[in-house]
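Please examine the structure shown below. The paragraphs that follow lead through its pocket, its nonpolar cores and the confidence of the prediction.

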Amino acid sequence: MQRISSKPSRISLFSLLSIKNTAKQRAFTTHSLNSHLQNFHKKEISIPGHFRKWVSLGFVRTSKFATGFSPLQRKPLDSIMDTERAKNKSPEDLASAWDDYHLGRGHIGASMKAKLYHLLVQRAADCRYFVIPLWRGSGYTTMFAQVQMPHILFTGLEDYKAKGTQAAPYFTVSFYTEFAESKDLVLIRGDVVFTSKLTDEEAKWLLEASQSFYLNDARYKLVERFNKETRDFEFKDVLRALDMPIL
């Protein structure tokens, strides 16, 4: 991807944002996690659709997150960047500028081709939920993802099991399609809500891993099994797909 040579012109595409942030993770064996997942699906499968109550989807963080769901305001794209100036940029330069702008604590910037975005939308409409292990040294913490396009929400599986729709998201992702037709480019913005629970690197990995399970045909079969054939779902298959050890 070609970088924009002029830093001032790159920065001028974007407005400044002010960000706030706030704040144990548990590792599971494959056996215990499969047991948790079975109970989770029996008790909670009708609830996840209400993840929307977390937020008016979209994601400006507030300090009130921990005590309840103050509505999160979706940031319009034109409040983040000068969309008129962006129209004159090549897809490569625009994607590069977007990535550069979001470098820093608590933000993830990425992009994807419109065709892949439409595939993600199609598959997420049929299978909204998935679990992704996040490796940490000698074990993994399991994250629960809701893919409700144009947004993805991630929280700890244990937090969701304990609090249901009152569980605050750790990481939120929003997709912007304003340039999908003109530049074959969909911009992706991720915000780490609790920086004490998730690092930027972990958030970026979660975003990439979740997309791989929805966009890769072989991996998507596991997503389908999780959503439609729960009794046949084996968490160890997810670990194998990610080349993680089975504990």
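In this predicted model, the largest pocket has 19 lining residues, and those nearest its centre are I108, G109, A110, K204 and E208. Its volume is about 350 Å³. Three elements each contribute two or more residues to the lining of this pocket: α4 (91-101), β1 (107-112) and α8.

The largest nonpolar core contains 53 residues, and within it F130, F154, F171 and F175 make the most contacts. The element that gives the most to this core is helix α8 (residues 200-215), which supplies seven residues. Leaving aside residues up to four places away in sequence, F171 touches I108, I152, L153, F154, G190, D191, V192, V193, L198, A203 and L207. One of these partners, I108, is also among the residues nearest the centre of the largest pocket.

The confidence of the prediction remains to be considered. The mean pLDDT of the protein chain is 77, and 70% of the residues score at least 70. Among the elements, the highest mean pLDDT, 97, belongs to helix α5 (residues 114-126), whereas helix α1 (residues 7-11) has the lowest, 40. Over residues 1-12 pLDDT stays under 50, and the model has 21 contacts beyond four places in sequence for them. Residues 40-72 likewise stay under 50, with 84 such contacts in the model.

Notes: Residues are numbered from 1 along each chain as its sequence is written. This is a predicted model: local features need pLDDT of at least 70, side-chain atom pairs count only at pLDDT 80 or more; totals for chains, interfaces and linings use all residues. Side-chain values use heavy atoms; hydrogens and water are left out. pLDDT is the predictor's confidence in each residue, from 0 to 100. Helices (H or I, at least four residues) and strands (E, at least two) are DSSP runs, numbered from the N terminus. Contact means heavy atoms within 4.5 Å. A nonpolar core is a set of buried Ala, Val, Leu, Ile, Met, Phe, Trp, Tyr and Cys residues joined through side-chain atoms within 4.5 Å. Buried means under 20% relative accessible area, exposed over 50%, partly exposed in between (1.4 Å probe, protein chains only). On a 1 Å grid over the protein atoms alone, a cavity is a set of points where a 1.4 Å probe fits but cannot get out, and a pocket is an open set with protein on both sides within 12 Å along at least five of seven lines; lining residues have an atom within 4 Å of a point. Grid points are joined across faces, edges and corners, and a volume is the space filled by probe spheres set on the points.
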